[in-house]
Amino acid sequence: MNTKRNIAGWILTALLFVIAFITIVPFIWMLISSFAPNSEIVKVTGGLFPTPSTIENYVNIQEKFNFMRLFANSLFVAALKTIIAIYTSAVLGFVFSKMHFRGRDLLFGVVMSTMMIPWAVTIIPQYEMFTNWGLQDTYTSLVVPGLISAFGIFLFRQSIGGISDELIEAAKLDGASDTRIFHSIILPMSHNTIAALAIFTFLWNWEDYLWPFLMITDENKQLLAVGLKAFNGQYGTDYGGLFAATSLAIIPVIVVYMIFQKQFIAGIATGSGK
Amino acid sequence: MKNTKSSGSVLSKIFSLRNIAVTFLVVYFAVFLAYPIFKAFAGSLHDWNPLVGTYEWVGLANFAQILTDKLFWTSMLNTAIFAGVSTFFRIVLGLALALLLSSKIVKCKDSLRGLFYMPTITPLVAVSFVWMWMFDPQFGMIDRVTGLNINWLHDTKWAMPAIIIMTIWKDFGYATVLYLAGIMNLPRDVYEAASIDGANGVQTFFKITLPLLKSSTLFIVITSLISYLQAYVQFLVMTEGGPGTSTYTISYLIFDQAFQKYNFGVASAQAVVLFLFTGVLTLIMFKVSGDTDLS
């Protein structure tokens, strides 16, 4: 019985790996093509994948646009916004789950309902505000709209709600302030939620297009997602170069995922907890 | 709130973590959400164009204009199809995969999960380009593998299905993860009882698993519909609304009106309609399911 189950398990696993492989074929194709010359990519005859034979596409990447600069800009902005959003979400998650004050539930209801406000409603007035304040071409304009994350507050409120009140009371009896309790008890115990939120927030900021497109006009301050689109419009026939730039553009999010993946599902599980 | 021993002084009471955090939140919402929403409603009643510098009261003229505009209704219909079909397949594929991945006999779960999750964790601008090339009629992979001869993104019939296929591929992993989390929280004993009672796999799935995953499903449906109503990146990158108007969606239309034509007034009116539509849809979802334990 056990060996039978084992064999069935391996067959199912193999089947799933085949499906998984089909799922990531677009990435494999992109990666292989990024090492192929243009003539090879657009060839109509021959195999499914072009023959990789050159690293020229990567060597020349700086020629067409300032790829490294944009990459570094995006890395800086996305990392900064992720750290800030995690911190504010954790503090507010703590406040909403463990502290009592008048209007708490109403305010939390407001936080939740902000998740359904379409970007289209707020973006025109925000664009006008930030432009009037002279914040175009500054990273302040990119960071400020992401200081609060309703999704993050929601996740942290759920997970911190699961931390026992006795633990917090005991710390208070020992004379610890709320700030101290937050940093030395709540934050370390929330590592799963931090992991889940880190993955999501980093990805959302890394792929954000419209807001940096509106706020940043200086080519050297631009972010990668916007630069990639411009690059594709301008050099639409240099497929090798486009494949190479796109391949590099997805690396940071994959790295962030690999760092945090162990706690990721657990983080979502406590977040959507029942 | 009980006072703590160390924060005895009045000053530290006023500047407690709670007060600072709540004040910050309220001020932030007032400045960056409440005011912009008010401004959007006000702007929708004005002829508002920042390039010409106009901001003149026109009453409901913008609404009259968009509601009689054929493109607006085409965009609404396209959005409904896009959001409905994408959400449906996201749920079905996500749940099927989550059930397979949570099966006890499957090995190498971490690697499998990582592979299946790859489309979801890669930036949308980047994968939109990858799929533009996938759909290319000359060297693209789709036509080559399937033997079809479809010019996907340049054919009014096929452009929307192409974008929907890409979106489902990109997004099913999100549903998988949420379902996996939901399955982790399922009570064991119910399943033991069911198997003692001789329930088969299909019965267990429809009578126990699916109902118990109701709140996961509801959460995925609501967040999917809300985010698909707002989707614009794949349309901007892959088709720019074309060919013709076949892939114009409401959010792409608003982007187009606001930041390509600078008709802020008309765009605000469209945004207000989208806002009301999203709100009503969310309310209906909660009412229909009779389930409010999400928050």
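Q: Of the 145 residues in the largest nonpolar core, which touch the most other members?
A: Good place to start, with the reminder that this is a predicted model. The core holds 145 residues, and its members come from both chain A and chain B, as the names at the end show. Those that touch the most other members are A:A198, A:I199 and B:A271.

Q: Which helix gives the largest share of this core?
A: Within chain B, the core draws at least three residues from each of domain 1 (10-63) and domain 2 (69-289). The largest share is 15 residues, and they come from helix α8 (residues 159-184) of chain B.

Q: Which helix of chain A gives the most to the side that touches chain B?
A: Between the two chains, 73 residues of chain A are in contact with 78 residues of chain B. By class, the chain A side has 51 nonpolar, 15 polar and seven charged residues. The element that gives the most to this side, with 15 residues, is helix α1 (residues 2-33) of chain A.

Q: Is B:W73 buried or exposed?
A: B:W73 lies in helix α4 (residues 70-101) of chain B. The C-alpha atom of B:Y248, 175 residues away along the chain, is separated from that of B:W73 by 9.9 Å. Because B:W73 has 12 C-beta neighbours inside 10 Å, it counts as exposed.

Q: What is omega for the cis peptide bond that joins B:G242 and B:P243?
A: Most peptide bonds are trans. Here B:P243 lies in the loop between α12 (233-238) and α13 (250-259) of chain B. The cis bond joining B:G242 to B:P243 has an omega of about -5°.

Q: Where is B:E240 found, and what is its phi?
A: B:E240 is found in the loop between α12 and α13 of chain B. It is partly exposed, because 13 other C-beta atoms lie within 10 Å. Its phi is positive in a residue other than glycine, near 50°.

Q: What is the phi of B:Y262?
A: B:Y262 lies in the loop between α13 and α14 (264-289) of chain B. With 16 other C-beta atoms within 10 Å, B:Y262 is partly exposed. Although a residue other than glycine, B:Y262 has a positive phi, near 60°.

Methods
Residues numbered from 1 in each chain as written. Chains lettered and ligands numbered in written order. Predicted model: local features only at pLDDT ≥ 70, side-chain atom pairs only at ≥ 80, totals over all residues. Contact = placed C-beta atoms within 7 Å. Helix = DSSP H or I, 4+ residues; strand = E, 2+ residues; numbered from the N terminus. Nonpolar A, V, L, I, M, F, W, Y, C, P; charged D, E, K, R; others polar. Buried ≥ 20, exposed ≤ 12 C-beta atoms within 10 Å, placed from the backbone. Core = buried A, V, L, I, M, F, W, Y, C linked by C-beta atoms within 7 Å. Domains from an automatic or database assignment.
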